[in-house]
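Please keep the sequence and the model open while reading this note. The points below are meant to be checked one at a time against what is on the screen.

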Amino acid sequence: MRSRVNRRDFLRFTALAAAPPIFDLKLPRGLDFTLQNSPTPQKYLIETMPGGVALLDYNNDGLLDIFLVNGGRLTSPMQVPEKFDRANPRYWNRLYRQNKDGSFTDVTEASGLANAGLGNYGMGVAVADYDNDGFPDLFVTNYGKNILYHNNGDGTFTDVTAKAGVAGGGWSVSAGFFDYDNDGHLDLFVTRYMEWDTKRSKACGGAWRTYCPPAEFPATTNLLYRNRGDGTFEDVSQKSGIAAKKGRALGVAFADYDDDGFMDFFVANDGMQQYLFHNNGNGTFTECGLECGAGLTADGKPMSGMGVVFQDYDNDGRPDIVVTVLPRENYTVFRNDGNGQFSYRSLETGLAALTSGSSGWGVGLEDFNNDGWKDLFVAQSHVLDNVERIDPSLHYLEKPLLAINSKGRFELADSGVAVPLAGRGAAFGDLNNDGWVDAVVTSLGGPPQVLINRRGNQHWLTIALHGTRTNRDGLGARVRVNGQIRFASTTGSYLSANDKRLHFGLGDSDTATVEVSWPSGVRQTLKDVRADQFLEIREPEQS
Amino acid sequence: MKHAILFLCLALQGVSPEGAQHMQAGVEAHKQGRFDLAIAEFRKATETDPNLAEAFLNLGAELMQIRDNGTAVAPLKRALELRPDLDAAHLQLGYALLSLGYAAEAIPHLERVHALEALGIAQIETGQYQEAVANLSDALVKRPNDPDLLYYLGRAGGLLSKRAIDTLLSVYPDSARSHQAMGENYFVLRQMPQAEQEYREALRQRPDIPGLQLELGLVYAGAAQWSKAEEAFRAEVKRQPASAEAAYRLGDALLKQGKVREARSELERADKLQPGMPETLYSLGKAASLDGDLALAEKSWTRVIALEKETSLAAQAHFGLAALYRKQGKTAEWQREMQEFKRLQNIIEPFRSEPK
């Protein structure tokens, strides 16, 4: 069949060809990790769900390091008690220290992170300085028991799970630190997927034999731990009201959506209603997904929520929610309309048209081109590794989605990734400290994809918060720069933890006005701040 | 298929007393469910009175009662040799032959007694699909909800359709219609690139065929390629400006891309072309809501609810209304619609709405 190109098509092709990729795909020297998910004919659900990635500066040398969570070895079938061969270096989680030349050195063993727990199959990671000692700590979620690693400040970590009392159990997925009671100590929220184990596992799909949908297994509760400030945590899941809502949670993100001074959070549930937990300010939460308009699609349909980000995409000063889901569901935008109400905006933002055939996991709203609007990046791949046999129009391996934000409407762009992959976790941060946000994506059975931003000519400002009355890293602070806002958080995406620094694209502006609303209630304004710099803002110790 | 046993009047001309006795005994044994004894008695009757057609009929029918259709054929044929006008024997023999796979032989017998259901089935077996469709349709008039009839009618229709398409493909393999048929086939199999290729070729040959662009648009919609779907639906709308479906599909494709104003306009046009189409009204409600015309959204969704009762579309319309009232701060109305939405959700998809 002969294809004709008319003038309009020609112009469209020309325009596409003229837009270069935003990122260069790199495999930095020394980053030799492979995510071992160990797929089996048993179709154990855990094997299609890992793994997390964190961007953190664990040794405070000013360079972001990379922590990668590994799955484990699965046998077909698994024996009881379950062991995942985590003593084998092939299945270790890995910490890679970044060197000054951009290469990485594996410091897993030296840092004391080699022991991931023999009965643990790895999932995700959360990062924060929970004891306010100036060094970021690691919380690793597992199918099994979770592990809290305290950063000793000398390049090593210590497993303090037992003392802290945060081992949990069951199948934990994404997690994050936030200060829900504004006492200056970071608390911990852990999502759990469902009541499932390898004994109760089953395959679905008849002759196709594939992973079962979540509704095949009972829902379960999430976990909320209050930080007592002495290195221990109290399980307040019941007391806070969190445990009253069972779900099938995969993702979590924090923000104070109603500007009442208390951090709220959104939980992405798989195959059911999404949960928005409003912080009542008295140690309890009320789930208001349906009442607040952020529980179902505009058609009243549940969705397969996986990853989530809670930031302001339309620069109206209010944090919005983006949830990644399965094909035919459209990645969801819940726009914050104010007054505690959200509305479904996947259609108007153009996201529905871009994503209705894709499956999304890790997600970030970051200003990759520094034009002052947060763009969308999603790690993609279907859950089912044989989905093409079931539905030839869908694909297991997918390229990541990069959608540039054009004043609140998302438009497809070239991420620079040419080969489809089984994307899962995704973390965002400025790996090379050039003022342009980079990304790291994990891929089942493969190495991580490191996407280094190609840069442009726009201005930027990157802010590191130093809390004094607030927690040490100022997590939960609301920062406004030239009208844009961000909530300080390392949490969001799927299974992953982002650079704690707050990045703002400034477009043509070479100066900025910065307003910080600290969780302690202190408000701080800095005027005529020079663009293109890394700025540390210290919280005033007295108002 | 039912085994209709007909026990004939014993006051028959020329029957010997012994034969009549065996016939009577056979009938009694049958009434008591003692089928082997009945068979033995009717067999004796045929031996005593070898020209008694009714005795052969009863023997055959009784053999069919115990599902020994193979053995039943001979006495039934003999009954018809003796009395070719014996309709009950035609019926039984037709059933017996059909059950043994001799559909062609069964047809004349079934035709004679107008056993439409069995005749239709036999005609399916012999490839007379058109006749089968006619006979099964007639049978369905008398028994509208008979699952067997519905099944066989569907099967006959499908086979008739397949034969027509097979003929098309074999006689005119490279015709526009063949490519269209192949496109439909690939679409059903969700093989969208192949479906697209076939429709493109059909359109290249005969761009004038109504519905081709619509089908191509559905392929793109199935693959979530909304801008291409829009283009195809737009072409269909140009070809068939009075097609409500084309207008609806175009409106929906526009809506999927967030082109709210255009979507609304097209959906309003679809509603005018064919009022009372629930899908159109639902999408029109969405477009109007996104466009800020809450009155039209409310009106459209209310119309959906009036048309649809306990369906997922009705649930969606209630949810849309709930969101509308929530934004307007109308708490009572919001609660009412949410309650109805949840009720319908529990009826339609209970396992998805509430975590186990």
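1. The buried residues of helix 3 of chain B are Ala53(B), Glu54(B), Ala55(B), Phe56(B), Leu57(B), Asn58(B), Leu59(B), Gly60(B), Ala61(B), Glu62(B), Leu63(B) and Met64(B). That is 12 of the 13 residues of helix 3 of chain B, so this helix is largely enclosed by the rest of the structure. Please bear in mind that this is a predicted model.

2. What covers helix 3 of chain B? The cover over its buried residues includes helix 1 (17–31), helix 2 (35–48), helix 4 and helix 5 (87–99) of chain B. The length of helix 3 of chain B also checks out: at 1.5 Å a residue, its 13 residues should span 18 Å, and the end C-alpha atoms are 18 Å apart, which agrees.

3. Is Arg67(B) buried or exposed? Arg67(B) counts as exposed because it has 10 C-beta neighbours inside 10 Å, and the cut-off for exposed is 12 or fewer.

4. Asn330(A) can be set beside that residue. Asn330(A) is another residue other than glycine with a positive phi, near 70°, and it lies in the loop between strand 20 (320–323) and strand 21 (332–338) of chain A. Asn330(A) has 25 C-beta neighbours inside 10 Å and therefore counts as buried; the cut-off for buried is 20 or more.

5. In helix 8 of chain B the buried residues include Tyr129(B), Ala132(B), Val133(B), Asn135(B), Leu136(B) and Ala139(B). Helix 7 (116–125) and helix 9 (147–171) of chain B are among the elements that cover the buried residues of helix 8.

6. Now chain B as a whole. Chain B has 20 helices and zero strands. Its radius of gyration is 31 Å, well over the 21 Å that the globule rule gives for 356 residues, so chain B is more spread out than a compact globule. The C-alpha trace of chain B spans about 95 × 60 × 35 Å along its principal axes. Of the 356 residues in chain B, 47% are buried. Among contacts in chain B with a separation of 6 or more, 40% are between residues 24 or more positions apart.

7. Chain A can be read in the same order. Chain A has six helices and 38 strands. A compact globule of 543 residues would have a radius of gyration near 24 Å; chain A has 22 Å, which agrees. The C-alpha trace of chain A spans about 70 × 65 × 50 Å along its principal axes. Of the 543 residues in chain A, 60% are buried. Residues 24 or more positions apart account for 60% of the contacts in chain A with a separation of 6 or more.

8. Two peptide bonds in chain A deserve a look. The bond joining Pro50(A) and Gly51(A) is cis, with omega about 0°; Gly51(A) is in the loop between strand 1 (23–26) and strand 2 (53–56) of chain A. The bond from Ser76(A) to Pro77(A) is also cis, with omega near 0°, and Pro77(A) sits in the loop between strand 3 (65–68) and strand 4 (94–98) of chain A.

9. Next, the nonpolar cores. The largest has 223 residues, and those with the most contacts inside it are Val125(A), Phe265(A), Val308(A) and Val322(A). Helix 18 (residues 312–328) of chain B gives the most to this core, with 10 residues. A second, separate core of 49 residues includes Tyr95(B), Leu110(B), Leu119(B) and Ile121(B).

10. Last, the contact between the chains. The contact takes 28 residues from chain A and 29 residues from chain B. On the side of chain A that touches chain B, strand 15 (264–272) and helix 5 (351–355) of chain A are the elements that give two or more residues. By class, that side has 13 nonpolar, 10 polar and five charged residues.

Terms used. Residues numbered from 1 in each chain as written. Chains lettered and ligands numbered in written order. Predicted model: local features only at pLDDT ≥ 70, side-chain atom pairs only at ≥ 80, totals over all residues. Core = buried A, V, L, I, M, F, W, Y, C linked by C-beta atoms within 7 Å. Helix = DSSP H or I, 4+ residues; strand = E, 2+ residues; numbered from the N terminus. Contact = placed C-beta atoms within 7 Å. Nonpolar A, V, L, I, M, F, W, Y, C, P; charged D, E, K, R; others polar. Rg over C-alpha atoms; globule rule 2.2 N^0.38 Å. Expected span 1.5 Å × (residues − 1).
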